[in-house]
Amino acid sequence: MKRRSRKLKTAPIHLEKKTILTIFGISQVAFALLLIVSFFAVSGILLSLKVYFYDLFGLGSYLLPFFIIAFSLPILSIRPKFIKNNTLLGIFASILTLTSLFAPLSEDLGGLFGTSIWDVVKSLL
């Protein structure tokens, strides 16, 4: 009996790495802009997007779109002097720190991440 050899199926579209990174970067910028627009939404899916990210990050959700845009600039091959890997990590850490500082005032202001970080810090103190 003859065995059938299966050929590996390749992707139907062959894109260069730069093209994939550009699509990823543009989608991140579009998501950040949607998040900014959702802050002014009164109803619909944008309101649920705002509520979801506010539940996660609290007041830090208002800074998150700017972090996403800053994160997507190097992916789009736009390299300003002030955006480097350590700067992006510092911005994200400052957003998390800010949310954790608002957590003692109110769990809503801190969000899920801020409240979790505050609980860890509070147990250490």
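Start by selecting Leu-35. Leaving out neighbours within four places in sequence, Leu-35 is in contact (heavy atoms within 4.5 Å) with Leu-49, Phe-53, Leu-64, Pro-65 and Ile-68. Before you click further, bear in mind that this is a predicted model, in which local features need pLDDT of at least 70, side-chain atom pairs count only at pLDDT 80 or more, and totals for chains, interfaces and linings use all residues. Residues are numbered from 1 along each chain as its sequence is written, and side-chain values use heavy atoms, with hydrogens and water left out.

Buried means under 20% relative accessible area, exposed means over 50%, and partly exposed is in between (1.4 Å probe, protein chains only).

Now pick Leu-34, which sits in helix H1. Buried or exposed, or in between? Leu-34 counts as partly exposed, at 42% relative accessibility. Neighbours within four places aside, Leu-34 is in contact with Leu-46 and Leu-49.

Hop over to Leu-47 in helix H2. Leu-47 is partly exposed too, with a relative accessible area of 26%. Not counting residues up to four places away in sequence, Leu-47 touches Ala-41 and Val-42.

**H1 against H3**

Select helix H1 (residues 17-38) and H3. They pack at an angle of about 165°, with their axes 9 Å apart. That makes H1 roughly antiparallel to H3. Axes are lines fitted to C-alpha atoms, for helices over the stretch in contact, and angles run from 0 to 180 degrees between N-to-C directions. Angles under 35 degrees count as roughly parallel, over 145 as roughly antiparallel, 65 to 115 as roughly perpendicular and the rest as oblique.

The H1 and H3 crossing is left-handed, a label used if the near helix is turned anticlockwise from the far one by less than a right angle (clockwise is right-handed). Show side chains and look for the meeting residues, among them Phe-24, Gln-28, Phe-31 and Leu-35 in H1, and Leu-64, Ile-68, Phe-71 and Ser-72 in H3. The contact of H1 with H3 divides into 14 nonpolar, three polar and no charged residues. Here Ala, Val, Leu, Ile, Met, Phe, Trp, Tyr, Cys and Pro count as nonpolar, Asp, Glu, Lys and Arg as charged, and the others, Gly among them, as polar.

H3 (residues 64-75) and H4 (residues 85-102) pack at about 165°, with axes 10 Å apart, so H3 and H4 are roughly antiparallel. Leu-64, Phe-67, Ala-70, Phe-71 and Pro-74 in H3 meet Leu-88, Ile-91, Phe-92 and Ile-95 in H4. That contact splits into nine nonpolar, no polar and no charged residues.

Between these two helices, click Ser-77 in the loop. The phi of Ser-77 is near 65°, a positive value in a residue other than glycine. Most residues other than glycine have a negative phi. Ser-77 counts as partly exposed, at 40% relative accessibility.

**Last stop: H4 and H5**

Finish with H4 and helix H5 (residues 107-124), which pack at an angle of about 90° with axes 7 Å apart. That makes H4 roughly perpendicular to H5. Residues in the contact include Leu-96 and Phe-102 of H4, with Phe-113 and Trp-118 of H5.

While in H5, select Thr-115. Thr-115 counts as buried, at 13% relative accessibility, and touches Ala-103, Glu-107 and Gly-110, not counting residues up to four places away in sequence.

Conventions:
Helix = DSSP H or I, 4+ residues; strand = E, 2+ residues; numbered from the N terminus.
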